Amino acid sequence: MQAVVIDEFGEPKDVLTAQQAPTPEPGAGEVRIAMSLSPIHNHDLAIIRGVYGYRPALPAIPGTEAAGVVDAVGPGVENLKVGQRVAVAGVRDAWADSFVARAEQAVPMPDSVPDETACQLLAMPLSALMLLDDLGVRAGEWIVVNAANGAVGRLLNLFAKERGVRVLSLVRGESSVRALEKLGYGPVLDTESVGWLARGADITGGEPIVRAVDQVSGPAAGDLMALLAPRGELISFGALSGKPLIIDTGAVIFKQAVVKGFWGQQRSSDIDRADYVRLITELVTLAANGTLRLDVQADFALEQAAEAAVVSETPGRNGKVVLHAGTR
């Protein structure tokens, strides 16, 4: 089969190559999935660079989430069958024609959920739901999130709107502002515009911003701290800038603010099965009835993975970049 392979850690544009690899066989309790679409997540690129929470043994096939069709089942698998359409997250070899997953990881997908949504339904949406729960905010309270035009930012807006939580969204560029406003989310501020930080401090009408979600790191974290209310919390969710947190010490001390991290993979492993099923059921239901739709901006073949990775990190993107197997 064809697969995207890294033989060394480094910049995705330099180390991602398409190679021939053995087709995997499912073991006990496993299924093999013929991949249809697989998204490029920020954590996938961090894994490729060797800077994520774990480093796979090399050579390695990246890719942690996908939609596809079950084409083989291992011994002991009773809840899935060949030909069944599924989505799966938490795997490590999805950027290939086929990959193996534990049967319990594969979630059956209704026909009403398109591949474009299904392939990115389980990782980021679940993390966003768990994150919103962990923020502990009530209806009417304010939170702020940067990189709000990305998958997590849009999902936080959607789920927060359902709960009556108010969101100040920060993006780069007027096109991203318009894209979020078109979805009905607001207020939205362009961080490349003059005086945006002062406007951000006034936009809530004096009501405190009690939580801040940082996906950028670097100086952007300091901007969020400036907007955060006393005794608020800043949650580090990502580092799109590739830089460490840069936060004014005085702001942390005198605001008595809390800075903490959120790692969706670890949070998912800590959740009990009943809660996991409840959240997954909620996500699939929202996707099936059309409330939750996840956009794809660009679709690349496996042999174009290096190019796709560059597009994925280009500022101003308003949808996920995905890879497909075979012809499409």
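The model is predicted. Its second largest pocket holds about 280 Å³ of space, and 18 residues line that pocket. Elsewhere, helix 4 and helix 11 cross at roughly 115 degrees, and helix 2 is largely enclosed by the rest of the structure.

**The second largest pocket**

- Of the 18 lining residues, Arg154, Leu183, Arg293, Leu294 and Asp295 lie nearest the centre of the pocket.
- Helix 5, which spans residues 151-163, gives the most to this lining, with four residues.
- By class, the lining of the second largest pocket has seven nonpolar, six polar and five charged residues.

**Helix 4 and helix 11**

- Helix 4 covers residues 124-135 and helix 11 covers residues 273-288; their axes come within 10 Å.
- The crossing of these two helices, helix 4 and helix 11, is right-handed.
- On the side of helix 4, the contact is made by Pro125, Leu126, Leu129 and Met130.
- On the side of helix 11, the contact is made by Tyr276, Leu279, Ile280, Glu282 and Leu283.
- Sorted by class, the contact of helix 4 with helix 11 has eight nonpolar residues, no polar ones and one charged residue.

**Helix 2**

- Why is helix 2 described as largely enclosed by the rest of the structure? Helix 2 runs over residues 42-49, and six of its eight residues are buried, so the rest of the structure largely encloses it.
- The buried residues of helix 2 are His43, Asp44, Leu45, Ala46, Ile47 and Ile48.
- What do the buried residues of helix 2 pack against? They pack against helix 1 (12-15), strand 3 (30-39), helix 4 and helix 12 (305-312).
- Just after helix 2 comes Gly50, which takes a positive phi of about 80 degrees.

**Val188**

- Val188 is found in strand 10, which consists of residues 188-190.
- Is Val188 buried or exposed? Its relative accessibility is 10%, and buried means under 20%, so Val188 counts as buried.
- Leaving aside neighbours within four places in sequence, Val188 is in contact with Ser169, Val171, Val177, Leu180 and Glu181.
- Val188 and Val4 are 184 residues apart along the chain, and their C-alpha atoms are separated by 37 Å.

Note on methods. Residues numbered from 1 in each chain as written. Predicted model: local features only at pLDDT ≥ 70, side-chain atom pairs only at ≥ 80, totals over all residues. Heavy atoms only, no water. 1 Å grid on protein atoms, 1.4 Å probe; cavity = no way out; pocket = protein on both sides within 12 Å on 5 of 7 lines; lining within 4 Å. Points joined across faces, edges and corners; volume = space filled by probe spheres on them. Nonpolar A, V, L, I, M, F, W, Y, C, P; charged D, E, K, R; others polar. Axes fitted to C-alpha atoms, helices over the stretch in contact; angles between N-to-C directions. Left-handed = near helix turned anticlockwise from the far one by under 90°. Contact = heavy atoms within 4.5 Å. Buried < 20%, exposed > 50% of the residue type's maximum accessible area, 1.4 Å probe, protein only.
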